[in-house]
Amino acid sequence: MTVTLAEVAARAGVSPATVSRVLNGNYPVAAATRERVLRAVDELDYVPNGPASSLAAATSDLVGILVNDIADPFFGIMAGAAQSALGEDAAGRAGGTGSGGAGAGAGAGAGKLAVVCNTGGSPERELTYLTLLQRQRAAAVILTGGSLEDDAHQAAVTAKLARLAEAGTRVVLCGRPPLGDAAEPDTGGPSFATLAFDNRAGARRLTEHLLALGHRRIGYVAGPADRTTTRHRLEGHRAALRAAGVAEGPTAHGPYDRASGYRATLELLGGEPDLTAVVAANDTVALGVCAALRERGLDIPGDVSVAGFDDLPFSVDVVPALTTVRLPLYEAGARAGRLALGAEPAPPGGLAAIPAELVVRGTTAPPRE
């Protein structure tokens, strides 16, 4: 049932006019009153009426792209590709065939206005952006990257996305695991479409490569412990070790940045100076790993092999070039944009597993005897 402005006013203990003033921002309202009104809006999940054109079409031409950190190439590449697809004519350049197939419906012709929402990894900010996009009657929402491993937050995000979808907003998860039973095939109406990277399989192949070279003392620099991407990549790494009967080496957690790789490597070497290989949570972390090893006077890969994940653009220019796992970030982002436009039908069952490919370069070699 649609919540009315009067119900929000009753919950906040103010007049409907005051609620309108708070939401429109066109009249001064006391801070305490404003906070009370906004809390009532959130509690009731009230969506204000948008412009008449938005009401007629149920949604606007706005598409929100949520990223953890736009400065991180992992997110920047996907967001840029999605934005490019959203700005193109879906029946022509953005993946359409010109034949008016299943995906070339009413929402697929004109381009959309993409707005990149930088959450900074904050679960509160993620929910705030989703609420703002809901109030703007966004045509679509694209969520990129892994999600927070917190049941309460996952439930809140799933509920919010379900309400968006019910209102006609297309929801696309790009590089993120599916949200329980909320994902469903595209039937022409509201739906979730999930493009999930196969992080476990990619991490397993990477560690199997090191094991095949003869490494048995392997350290691991993981990402934040509360992120799905971190857990899935670490599970793949550990699965490869178990299958080979090799004991798990030391693991250190930290942000997905260069400084974390540097600090964690010094920590790992302090505990186990005989490590012959270090696996990094992503390529940016691997840069920090390499810097720490060189600072200790260790040769790469002569003394210690290093491997990353994602195959970011700079990986091939590192000296030596970085062994890593390639994720098709641009292709996934562009596909997410087409799905958001309705220019491409959702994958069967609403879920597509995006494969990861091992890329062997110069930072890995057999250990010295």
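## Aromatic pairs

Rings of Phe, Tyr and Trp (its six-membered ring) count as a pair if their centres lie within 6.5 Å, and the pair is edge-to-face if the planes are over 60 degrees apart. In this predicted model, that rule gives 2 aromatic pairs.

Phe 74 is buried, with a relative accessible area of 8%. Phe 75 also counts as buried, at 8% relative accessibility. Phe 74 pairs with Phe 197 as well; here the centres are 6.3 Å apart and the planes lie at 70 degrees, so this pair is edge-to-face. It joins distant parts of the chain, since Phe 74 sits in helix α5 (residues 73-86) and Phe 197 in strand β5 (residues 192-197), 123 residues apart. Phe 197 is buried, as is Phe 74. Through these ring pairs, Phe 74, Phe 75 and Phe 197 form a cluster.

## Helix α10

Helix α10 spans residues 258-271, which makes 14 residues. From its first C-alpha to its last it reaches 20 Å, close to the 20 Å expected at 1.5 Å a residue.

Which residues of α10 are buried? They are Ser 260, Gly 261, Ala 264, Thr 265, Leu 268 and Leu 269. These residues lie on the same side of α10 because they cover an arc of only 150 degrees around the axis. An α-helix has 3.6 residues a turn, so residues three or four places apart point the same way. Glu 267 and Gly 270, on the other side of α10, are exposed.

## What covers the buried side

The buried residues of α10 are covered by elements including the strands β6 (218-222), β7 (251-253) and β8 (277-280), and the helix α11 (283-295).

Note on methods: Residues numbered from 1 in each chain as written. Predicted model: local features only at pLDDT ≥ 70, side-chain atom pairs only at ≥ 80, totals over all residues. Heavy atoms only, no water. Helix = DSSP H or I, 4+ residues; strand = E, 2+ residues; numbered from the N terminus. Expected span 1.5 Å × (residues − 1). Buried < 20%, exposed > 50% of the residue type's maximum accessible area, 1.4 Å probe, protein only. Arc of directions from axis to C-beta. Contact = heavy atoms within 4.5 Å. Phe/Tyr/Trp six-rings, centres within 6.5 Å; stacked < 30°, edge-to-face > 60°.
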